[in-house]
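This briefing goes through selected features of one protein model. Please keep the sequence and the structure in view while reading.

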Amino acid sequence: MSANSRHRVEHGLLAALQVAGREPERFTIEQRMQRYCVPGVAVAAVRDGEVHWAAGYGVCGPSGAAVTEHTLFQAASISKAVAAVAVLALVEHGDLDLDADVNSMLRRWKLPASHHTADTPVTLRHLLSHTAGTTVPGFPGYAEGAAVPDAVGVLSGAGANTPAVESFARPGTVAQYSGGGSTIVQVLVEDVTGRPFADVIDDLVLRPFGMTASAYEQPLAPERTAQAALAHDTLGAPVPGGFHVYPELQAAGLWTTAVDLARWLLGVQRLLAGDRGGPIAPDTARLMVTPVGLGPFGLGPEIAGEGALRRFGHSGANQGYKSQMEALIDGSSGGVVLTNGEGGTTLVGEVRRALAAEYGWGDLGPPPITTVELSDAEMQRFVGRYS
């Protein structure tokens, strides 16, 4: 029953490091929220083609409004995986080419010429898999009162708080995470469709998958802020202005809920199982979750696990928001964890391990530590000053 599964997850959090032979200490979600100064968390679990259960914990912010499974959070880099379905739909429609030089399709901005790309141009396949050799790993967002550039300004560095995006290595020879590369994809989608990026993703992903509460909306509309979990720092204090703004929509701009991300996982699992009624064909979905080149990424999602326990998903880390979603590629389970605190990374990991234990994803934690007994003389070897 879902109630039993939910109870075991809620009461089954484990610290990352365990000691071999020692009974592990288990914690509740609320205990670990307090430990890591995270005000709010939303969790959703999927199994057998449906949302098995979903719940919220804690509060959205100073107002004291309770977090629910329908509370909006910034998904951060999870945005990349969700939008990838739309990008691949455009490939299927013939609007984009996975292996053409992206500069041949870009209109408003071009990736600067470089000796790195003289013989091997950057392609959409490279960009989606973080093998393009492009710079700018991530984005800090724009705090309250700051001028916010558009996506082209981000790429050129004009009025942006990050450097211009450029090449630093020959495409296909490195695996280097690049939010800058993802922003190239955003501009490319707008250039070839002539439409706002948010509208394209809404048509090709969000509505087909039933993600009715979600939007690539930056900043969030004032009337929707009451439905949102606000960002908090490492001590659990609210971020001024409630949250940072991210014009890098493909890289970090999705506002969503735990239930909506669960629907995305379910939608992709249906495609992988052969459903031909979705936004992309099953073969394209399989390509999306196949690692490219040297790194752990397919065409958008991150891939982990082995054999029957291979998983697809993505993590997220915006200012004051930490998150993770993942599901089995050839199975029927998965999960989503969203938090609104800078301390959420460790908490997300602990909830993930509880979900994995309950739903059979395998052991996601590091191996237990084996202790050894040291004599006083041996201990003296470690006495000293360290820096």
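The model is predicted. Strand 10 (residues 321-328) is largely enclosed by the rest of the structure, because eight of its eight residues are buried. A search of the whole structure gives 17 salt bridges, and some of them are described below.

- Strand 9 (residues 311-318) runs antiparallel to strand 10, and eight bridges join the two.
- In this pairing, Ala317 stands opposite Lys322 of strand 10.
- The hairpin formed by strand 9 and strand 10 has two residues between the strands, and Gly320 in the turn has a positive phi of about 80°.
- Strand 10 also pairs with strand 11 (residues 333-339), in the antiparallel sense and over six bridges.
- Here Glu326 is the residue opposite Gly335 of strand 11.
- Four residues connect strand 10 to strand 11 in a hairpin.

**Helix 1**

- Helix 1 (residues 2-10) has Ser5, Val9 and Glu10 as its buried residues.
- Seen down the axis of helix 1, these buried residues fall within an arc of 130°, so they line one face of the helix.
- The buried residues of helix 1 pack against strand 1 (13-14), strand 2 (26-27), helix 2 (29-35), strand 4 (50-58) and helix 11 (344-359).

**Salt bridges**

- Arg286 and Asp330 form a salt bridge, with their closest N and O atoms 3.0 Å apart.
- Arg286 belongs to helix 10 (residues 282-288) and Asp330 to the loop between strand 10 and strand 11, so this pair ties together parts that are 44 residues apart in sequence.
- Both ends of that pair are partly exposed: Arg286 has a relative accessibility of 28%, and Asp330 has a relative accessible area of 48%.
- A salt bridge also links Arg263 and Asp260, with 3.0 Å between the closest N and O atoms.
- Arg263 and Asp260 are separated by about one helical turn, because they are three residues apart in helix 9 (residues 258-272).
- Asp260 is buried, with a relative accessible area of 1%, whereas Arg263 is partly exposed at 30%.
- The side chains of Arg47 and Asp48 form a salt bridge with an N to O distance of 3.9 Å.
- Arg47 is partly exposed, with a relative accessible area of 29%, and Asp48 is exposed at 55% relative accessibility.
- A network of salt bridges links Arg195, Asp202, Asp203 and Arg207.

- Val372, Leu374, Met379, Phe382 and Tyr386 make up a nonpolar patch on the surface, with about 570 Å² of accessible area together.
- Val372 lies in the loop between helix 11 and helix 12 and is exposed, with 65% relative accessibility.
- Where does Arg385 lie? Arg385 is in the segment after helix 12 (376-380).
- Arg385 counts as exposed because its relative accessibility is 85%, above the limit of 50%.
- Arg385 and Gly360 are 25 residues apart in sequence, and their C-alpha atoms are 45 Å apart in space.

Technical notes. Residues are numbered from 1 along each chain as its sequence is written. This is a predicted model: local features need pLDDT of at least 70, side-chain atom pairs count only at pLDDT 80 or more; totals for chains, interfaces and linings use all residues. Side-chain values use heavy atoms; hydrogens and water are left out. Buried means under 20% relative accessible area, exposed over 50%, partly exposed in between (1.4 Å probe, protein chains only). The arc is that of the directions from the helix axis to the C-beta atoms. Contact means heavy atoms within 4.5 Å. Patches are made of residues with over 30% relative accessible area and no salt bridge: like charges are joined within 9 Å, nonpolar side chains (Val, Leu, Ile, Met, Phe, Trp, Tyr) within 5 Å. Accessible areas come from the Shrake-Rupley method with a 1.4 Å probe; for residues, only the protein chains shown count as cover. A salt bridge is a side-chain nitrogen of Lys or Arg within 4 Å of a carboxyl oxygen of Asp or Glu. Two strands pair if DSSP finds at least two bridges between them.
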